[in-house]
Amino acid sequence: MISSITLNDDRSEKVRYNTPDYPVYARRGLLSQYPEYKAPNHWHDDTEFIRILSGQMRYNVNGVILDLKEGDGVFVNSGQMHFGFSDSEQECDFLCIILHPMLLASVFPFEHDFVMPLIRNRKLPFLHLSRETGWHREILSQLDLLYQRRDQRTAPMCALSCFARIWTLLCEHAPEDNGKQNRQGQDLMIVKNMVGFIQKNYRDKISLAEIAASGAVGQSKCCKLFARYFSQSPNEYLNHYRIDKSLDLLRNTDLSVTETALSVGFSNASYYAEVFRRYLGKSPREFRNSFRNSLVLAGAHTLPDC
């Protein structure tokens, strides 16, 4: 099953490919594996495909909300902010397939004529794949085939073949790009700048005015962009980011809860514990104990070296 997403400091995902030699990630996941049934908002240079096997999911791409139902899917182009979630905390079983477009650039003309134009197409940041549309249905079938053959010796070749067919269909049906950056593209750059500011300065006291200034927008526009892209206020995003950073300290250090709270920017331990419980459903101390107990159990089931 899919594991939790690991992010770089610029909110891009550290993609853990199925094998290190090929930029192909094909896993199955449950939405309930994420806190509050909500994956972190993130981006990466790879293209991403989601295929809904059962249940349903809401999917946010650059602030646009898609309702994905059983049998549907979504294509997310390179560099777009995205995450899946369920406000009602309903389960969703899905495939997540991540493929780096340079997999298709075996020679420069392929990269120049087919790969880069689609990556840079401002009119195609994402595509809602519906089983009711013939060529969408073919893309979904190719995703199924790629996943089914993921463990075979020739899995990388199969992935390349499926991806090439999917890319061909996307190229054939892609809208014309007039080369002008639209408002959505400008907003995405503003959001990335503000997120970068938070991630660089999260240990310090940060004001809403400072976050807005990092994106060269007013405070009202700042709040609207965070609500659209993250379904959170800037302060909620900041607190969640601090909580995420604190998890490594709880797992890997002996810092006290108070020391951990102060290390990631919280002013005191009680507020840190309150936010932590709201986000993860347990206290920092309970999280640390649970993690260490799991390591002990894992070690008890490991055979000693001979």
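Author: What follows looks at one pair of helices and then, briefly, at a sheet. Please keep in mind throughout that this is a predicted model. Two packed helices are described by the angle between their axes and the distance between the axes. For helix 2, which covers residues 134-148, and helix 3, which covers residues 155-173, the angle is about 165° and the axes lie 9 Å apart. Because angles over 145 degrees count as roughly antiparallel, helix 2 is roughly antiparallel to helix 3. The crossing in which helix 2 passes helix 3 is left-handed.

The residues that make this contact can be followed on both sides: helix 2 contributes Trp 135, Glu 138, Ile 139, Gln 142, Leu 143, Leu 145 and Leu 146, while helix 3 contributes Cys 158, Ala 159, Cys 162, Arg 165, Ile 166, Leu 169, Leu 170 and His 173. Sorted by class, the contact between helix 2 and helix 3 comprises 11 nonpolar, 2 polar and 2 charged residues.

For the sheet, the model has an open arrangement of 3 strands in the order 4-3-6, and the pairing is antiparallel. Strand 4 (64-68) and strand 6 (82-85) are the edge strands, each pairing on one side only. On average, and with direction ignored, neighbouring strands of this sheet are turned by 20° against each other. Strand 3, residues 57-61, runs antiparallel to strand 4 and is joined to it by 5 bridges; Arg 58, for instance, has Asp 67 in strand 4 as its bridge partner.

Notes: Residues are numbered from 1 along each chain as its sequence is written. This is a predicted model: local features need pLDDT of at least 70, side-chain atom pairs count only at pLDDT 80 or more; totals for chains, interfaces and linings use all residues. Side-chain values use heavy atoms; hydrogens and water are left out. Axes are lines fitted to C-alpha atoms, for helices over the stretch in contact, and angles run from 0 to 180 degrees between N-to-C directions. Helices (H or I, at least four residues) and strands (E, at least two) are DSSP runs, numbered from the N terminus. Angles under 35 degrees count as roughly parallel, over 145 as roughly antiparallel, 65 to 115 as roughly perpendicular and the rest as oblique. A crossing is left-handed if the near helix is turned anticlockwise from the far one by less than a right angle, and right-handed if clockwise. Contact means heavy atoms within 4.5 Å. Ala, Val, Leu, Ile, Met, Phe, Trp, Tyr, Cys and Pro count as nonpolar, Asp, Glu, Lys and Arg as charged, and the others, Gly among them, as polar. Two strands pair if DSSP finds at least two bridges between them.
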